[in-house]
Amino acid sequence: MTINNKSYALMIVCLALIVAVIGGCKKDNKPFKLKVELQGLGAQQVRVVYSGANGGIVDSLVKCENNAFEIEDKCSNPSLLIVYNQMNVPIVKLIVSSGDKLEVKGKVLEQYNLEVKGSETAEQYNAFIVKHKADYMSANKQALNTAIENYVKDNPKSVVSTVLVLNDYSPSDDDKKIDKLLGNIDDSAKPESLVASYNLIKSREKKPATKMTSLNILEQGSGDFETARIAGDKPSVIVFWDRELGASNRKQIFDELKMLDASRVQVMDISLDIDSTGWYYATHQDATNWKHYWVPGSMMNSEIVNLQVDKTPTIIVTDSLGQQQYRGDDPIKARQTIEGIL
């Protein structure tokens, strides 16, 4: 049998495709390796969550030794991977694919200033986080949202764009913005496994606490830590704010809440600023009579973590038993909720 040049070329192309497919399958079956070394991690037990090779969620408890841990496993390709500390706070966020050999170094209290090596995609995602670490640390997410929108505009074919929109974008005014922004990303940069891993991880995340009994935080008048009791004989309004909220926006919220009867309602505000500089001056400019609090560590403070307050303003209204009745950023709705309780 003779083979002409055209048939021979076609056979070579087919053979190359078969080799590529086989090679791709082998690569997909390769486990990824992850080594994390963070100062301050100690010997605690962390949770590592990602999407496994079969598409199901892997939620593993891993024991750390000497500030470090290692894991090796197969995953869906690619997958979002998140490491949580003992307080269930995310301390490492990665994009991981089959065959990756990733190394993460840094400090456990500086999750937005880590060093990531071993994968171009993971490195690009981490580079964005490090570049915008101040925006990540701020409770006001407007600057971060804008940075993500600009990144998507400039990188519509990047998987990093998809992860940023799914995992880090949080518009408070319009949830449809997420779908709109995802629509601007090329389909090739939205692999099904990645979107599925995000959905699986989010479905297993701990929901914010909806009952508050008390908070042990720094009170301005005494200059010391005290127990702010939420559950008692009155409903409560708690306002979480920071300096990036701006004096005019804060004044608008506080002026609305000044309309409440202080003899029947407990109102308090809690600053989430990283430091207390200017805290005393700001609250006295507002001319309010209720107590003012500040929490060291901002939203990562153990007293705040369970509430998952990650943006300002956040206003929580509770009944006299401490059960949440409203959570949002609208002071009018908060006031109306309280008035409905009285």
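What you see on the screen is a predicted model. The chain has 342 residues, and 43% of them count as buried. It contains eleven helices and 15 strands. Taking the contacts with a separation of 6 or more, 60% are between residues 24 or more positions apart.

Rolling a probe the size of a water molecule over the atoms shows where empty space is left. The count comes to one cavity of 30 Å³ or more. About 80 Å³ of space lies in that largest cavity. Which elements give two or more residues to its lining? They are E6 and H2. E6 has the largest share, with four residues. Among the lining residues are Ile91, Val92, Lys93 and Leu94, along with Asn126 and Ile129.

Next, the second largest pocket, with a volume of about 510 Å³. Its lining is made up of 21 residues, and Leu109, Glu110, Gln111, Gly297 and Met300 lie nearest its centre. Strand E6, residues 90–96, and helix H3, residues 133–137, each give two or more residues to this lining. The largest share is three residues, from H3. By class, twelve of the lining residues are nonpolar, seven are polar and two are charged. Gln111 is listed for the pocket, and Gln111 also lines the largest cavity.

Helix H2 runs over residues 120–131, twelve in number, and reaches 16 Å from its first C-alpha to its last, close to the 16 Å expected at 1.5 Å a residue. Which residues of H2 are buried? Ala122, Tyr125, Asn126, Phe128 and Ile129. Those five cover an arc of only 155° around the axis, so they sit on the same side of H2. An α-helix has 3.6 residues a turn, so residues three or four places apart point the same way. On the other side of H2, Glu120 and Lys131 are exposed. The buried residues pack against E6, strand E7 (101–107), strand E8 (115–117), H3, helix H4 (142–154) and helix H5 (159–168).

H11, residues 331–341, can be read in a similar way. Its buried residues include Pro331, Ala334, Arg335 and Ile338. They cover an arc of only 95° around the axis, which puts them on the same side of H11. Their packing partners are strand E11 (236–241), helix H8 (247–257), strand E14 (314–318) and strand E15 (324–328).

Two single residues next. Ser79 is in strand E5, residues 79–84. Is Ser79 buried or exposed? Its relative accessibility is 0%, so Ser79 counts as buried, the cut-off being under 20%. Leaving aside neighbours within four places in sequence, Ser79 is in contact with Tyr50, Ser51, Leu94, Ile95, Val96, Leu194 and Ser197. Leu94 is also one of the residues lining the largest cavity.

Asp179 is in helix H6, residues 176–183. With a relative accessible area of 57%, Asp179 is exposed, because exposed means over 50%.

Last, the backbone. Most residues other than glycine have a negative phi, and most peptide bonds are trans. Here are the exceptions I noted. A cis peptide bond joins Asn77 and Pro78, with omega about 0°. Pro78 lies in the loop between strand E4 (68–73) and E5. A cis bond also joins Thr312 and Pro313, with omega about -5°. That proline, Pro313, is in the loop between helix H10 (302–305) and E14.

For phi, Asn66 has a positive value of about 55° although it is not a glycine. Asn66 is in the loop between strand E3 (57–63) and E4, and at 71% relative accessibility Asn66 counts as exposed. Gln308 has a positive phi near 55°. Gln308 lies in the loop between H10 and E14 and is partly exposed, with a relative accessible area of 30%.

That is all I have; questions, please.

Methods. Residues numbered from 1 in each chain as written. Predicted model: local features only at pLDDT ≥ 70, side-chain atom pairs only at ≥ 80, totals over all residues. Heavy atoms only, no water. 1 Å grid on protein atoms, 1.4 Å probe; cavity = no way out; pocket = protein on both sides within 12 Å on 5 of 7 lines; lining within 4 Å. Points joined across faces, edges and corners; volume = space filled by probe spheres on them. Nonpolar A, V, L, I, M, F, W, Y, C, P; charged D, E, K, R; others polar. Expected span 1.5 Å × (residues − 1). Buried < 20%, exposed > 50% of the residue type's maximum accessible area, 1.4 Å probe, protein only. Arc of directions from axis to C-beta. Contact = heavy atoms within 4.5 Å.
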